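Have the viewer open as you read.

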Amino acid sequence: MRFVDEYRDAKAAEQYARAIARITTKPWTIMEVCGGQTHAIVKFGIDQLLPEGITLVHGPGCPVCVTPVELIDKAIEIAARPEVIFCSFGDMLRVPGSHGDLFAAKAAGADVRIVYAPLDALKIARENPDGQVVFFAIGFETTAPANAAAVYQARQQCIGNFSMLVAHVLIPPAMEAILDSPSNRVQGFLAAGHVCTVMGYTEYEPIAETYAIPIVVTGFEPLDLLQGVFMCVKQLEQGRAEVENQYNRAVRREGNRHAQNLIREVFEVVPRKWRGIGEIPRSGLRLTGPYGEFDAEQRFGVANYAAEEPSECISGLVLQGAKKPHECPAFGTRCTPETPMGAPMVSSEGACAAYYRYRHSAIST
Ligand code: SF4
């Protein structure tokens, strides 16, 4: 298959669903890690095609959703400074901090700009040598190479008025944290294909072995997801726990070594707090060595912030697959895309946003 439409063929999807039903003899709970996969599943009704015993639960792979409240507070504090041009992906502007969001900061006069890539922010820094340009660097391993490249270039080109507020998180430690939880119900993973295009999948092999859990690197189209579920169920039914690659048109076992080297040059691995989940060891990235001077937290003196998360938002449970979005009492009533209480209702990859967009009318009738 060469084109996207071929991965959305309804007849082929039904055949896959029937094949999954044929091999399923017991109930299984499988987590798709990535928010992009969640949106495809909910949008195309993949979960509704599956036999009753197969439950898909949604994972923490939405970078906007897991950015902790205090980092939003830091972003707002930095953006409010008169010399600062604060650059961010659009999704982050509506994510609530303790007392508002970046959108409100912009409305109050802060120079907050939406960009589509970190190099856009670097360009703004070149064009505004008298200002301080800060890029809000969120994301998983997928966006880390581009962000590393921007800082690398800033250093090479001596662009001293550029810095990054880094919120990078890493997927494998989050999967381990989910499996370590006493309330874990995940028996198999669909790993995020785009993360593996960068990192490969050798990191998942010890997880599969240690926790005796199948992990299938999976793409984002309906047939990718159905094939990923089929491969995962097959392993579960056969009592195997291996890493398999459904997304082999994009992913190699070793990943992209050049991108990995760039990440290692610019970042170091640190503990990181995840919104709704808490601190996970070795689950984040921080600028390191000579690149530390581009760290906006240090430059603007906001490193030691603490903040409480709103108690009514159960996003931590949603992000760990313990609850579905519509099981949140605030879903669709007090929490909507217009009045979000948590990041998963705002982000284009958030599970709550997916359910609101594609299932809300069915859920509320
Ligand atoms: S529906 Fe809103 S309040 Fe509930 S978990 Fe999702 S984001 Fe949080």
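A quick definition before the tour: a cavity here is a set of grid points where a 1.4 Å probe fits but cannot get out, worked out over the protein atoms alone. A volume is then the space filled by probe spheres set on those points. Keep in mind that you're looking at a predicted model.

With that in hand, the second largest cavity comes out at about 50 Å³. Its lining is made of G35, T38, H58, G59, C62, C65, V318, L319, P344, E349, G350 and A351. Three elements, α2 (35-44), β2 (54-61) and α15 (315-319), each supply at least two residues of that lining. Sorted by class, the lining has six nonpolar, five polar and one charged residues.

Now step up in volume. The structure holds three cavities of 30 Å³ or more, and the largest cavity has about 100 Å³. The lining splits into 12 nonpolar, two polar and one charged.

The residues around the ligand are C313, I314, S315, C328, F331, C335, M341, G342, P344, M345 and C352. That shell counts nine nonpolar and two polar residues, with no charged ones. P344 is worth a click, as it is among the residues around the ligand and also lines the second largest cavity.

Back at that second cavity, two of the lining residues are C62 and C65. The angle about the S-S bond is 75 degrees, and the link is right-handed. Are these two cysteines buried or exposed? C62 has a relative accessible area of 2%, so it is buried, and C65 counts as buried because its relative accessibility is 1%.

C87 has a relative accessible area of 0%, so it is buried, whereas C158 counts as exposed because its relative accessibility is 70%.

Finally, have a look at helix α5 (residues 69-79), which is mostly covered, with 10 of its 11 residues buried. Among the buried ones are the charged-class E70, D73 and K74, along with V69, L71 and I72.

Key: Residues numbered from 1 in each chain as written. Predicted model: local features only at pLDDT ≥ 70, side-chain atom pairs only at ≥ 80, totals over all residues. Heavy atoms only, no water. Near = heavy atom within 4 Å. 1 Å grid on protein atoms, 1.4 Å probe; cavity = no way out; pocket = protein on both sides within 12 Å on 5 of 7 lines; lining within 4 Å. Helix = DSSP H or I, 4+ residues; strand = E, 2+ residues; numbered from the N terminus. Buried < 20%, exposed > 50% of the residue type's maximum accessible area, 1.4 Å probe, protein only. Disulfide = S-S within 2.5 Å.
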